[in-house]
Amino acid sequence: MENKEQAIEEEILINFEKKIENGDSIEPKDKMPDGYRKHLIRQISQHAHSEVIGMQPEGNWITRAPTLRAKQILLAKIQDEGGHGLYLYGAAETLGISRSELIEQLHTGKAKYSNIFNYPALTWADIGAIGWLVDGAAIVNQVSLQRTSYGPYSRAMVRICKEESFHQRQGYEIMAKMMAGTKEQQEMAQDAMNRWWWPSLMMFGPHDSSSPNSGNAFKWKIKRHSNDELRHKFIDKTVQQAQVIGLTIPDKDLKWNEKTGHYEHGAINWYEFHKVIAGNGPCNKQRMEHHIKVHNDGKWVREAAEAHRLKKERQN
Ligand code: BYC
C-alpha cells in the first residue's frame, strides 16, 4: 500500500517537473507537489492582502484631494486595488484554501503583507509618491510575474499590470505638477520622495543572498527574476524620471556603474525592514485594526449572500 502511494507521488512529481521544464503553465486541476501549492498560497495571498491593505493610506486622502479631477482619479485607483485583491484571492482559492482561512491568516499575523503599507500618507505629495514609487516598484515585480508558472496567478498579473501602469502615471503627474509649482509644493514633493524611497526599495524583499524562498521559487519558475535584479531595474528607470522633474534621490552613495550598466545604491536599512514586517512599523496596528473592524462590520453581507446561495440551491 505504502509503495503504491509512493509510486503515485513520484509520478505526480515527474509529470509536474516535466511541465515546469517545458515552460507549460500549471493549472488548478493539475497534480502538483504540496510544497509548490503551499509556496503559491503564501505568496499569492500575501500579494492579495497587500493590495487590499494598500487601499488604506490612499483612502485617507479621498476627502482631501485638491480638485474634483484628482478625487475622481484617486477613487478609481483605490477601487482598482480592491479589484486586484479580488483577482488574487480568487487565484489563491483555486489552490484549495478558502477566503475565510486566508483572512484569518492575515488577522492572526500568520500571513504578511507588503512592508510599504505600514507607513503613513502625511501630505498630498505622498499620494504622488505612492502612485509613482510604490506602484512603479509593483509594476517591475509584476511584469516579471506575468510569466510565473501558475496559470491563474500569471493571468491575474497580466490584467493587474495594465491597471498599475495607469496608477504609476497618476502618481508621476502629481509629483511633476508639484515640482512645477511653488517652493512649498516642491519641498513637499521632495519630502515625500525622501520618506518613500527607501521603503519602496525594500518592497523587492531581502538581498538574494538572504532570501530563503528564492531557491524553490526559481526551481518551480514562480520567480523569473531575483529580488536584487528587479530592485536594480526599478532604480535605473526611476532615477531618470526623478531627474526629469528635478527631484533628488535621497541616497548620497547612488552612482552609475559603467561596467554593470546599473546604478549602485547605498545600504538598505534591513533592521527597519524586519521590524516593520514583524508588525512594529509606524502604522501596522492601525492598518490591522481597521481591516478587522471593516471585516466584522461586513459580516451581515456575507451571511446574507450565503443565505441567498443556500436558498437557490434548495430551489434547484
Ligand atoms: N514586505 O524569501 P523572500 C501594490 C518576506 S501591492 C513584507 O525573498 P519571496 C499596491 C517574505 O514574505 C503589491 N514581507 O520571499 C497596492 C518572506 O517571509 P515569509 C505587492 C516581505 O516571497 C495598493 C521573507 O520576507 N506585491 O502594488 O521569495 C496600492 C523572506 O523574503 C517583503 C507583491 O506582493 C515585503 N516587501 O520574495 C498601491 C508581489 N519582501 O513569507 C500599490 C508578490 C519579502 O517566508 N510577491 N518579505 O514569512 C513577491 O514577488 C515576493 O513574495 C517578494 C518576496 C519579492 C515580495
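Modeller: Start with Gln-46, where a polar side-chain atom lies 3.0 Å from an oxygen atom of the ligand. A polar contact is a pair of N or O atoms within 3.5 Å. The model is predicted, so local features need pLDDT of at least 70 and side-chain atom pairs pLDDT 80 or more, while totals for chains, interfaces and linings use all residues. Residues are numbered from 1 along each chain as its sequence is written, and side-chain values use heavy atoms, without hydrogens and water.

Colleague: Which distances to an oxygen atom of the ligand do the side chains of Arg-42 and Lys-112 show?

Modeller: For Arg-42, an N or O atom of the side chain is 2.9 Å from a ligand oxygen; for Lys-112 the distance is 2.4 Å.

Colleague: How much of the ligand's accessible area does the protein cover?

Modeller: Accessible area comes from the Shrake-Rupley method with a 1.4 Å probe. On its own the ligand has 1000 Å², of which the protein covers 89%.

Colleague: What about salt bridges?

Modeller: The criterion is a side-chain nitrogen of Lys or Arg within 4 Å of a carboxyl oxygen of Asp or Glu. The structure holds 20. One of them joins Arg-37 to Asp-34, with the closest N and O atoms 3.1 Å apart.

Methods. Polar contact = N/O pair within 3.5 Å; in protein donor to acceptor, adjacent residues only side chain to side chain.
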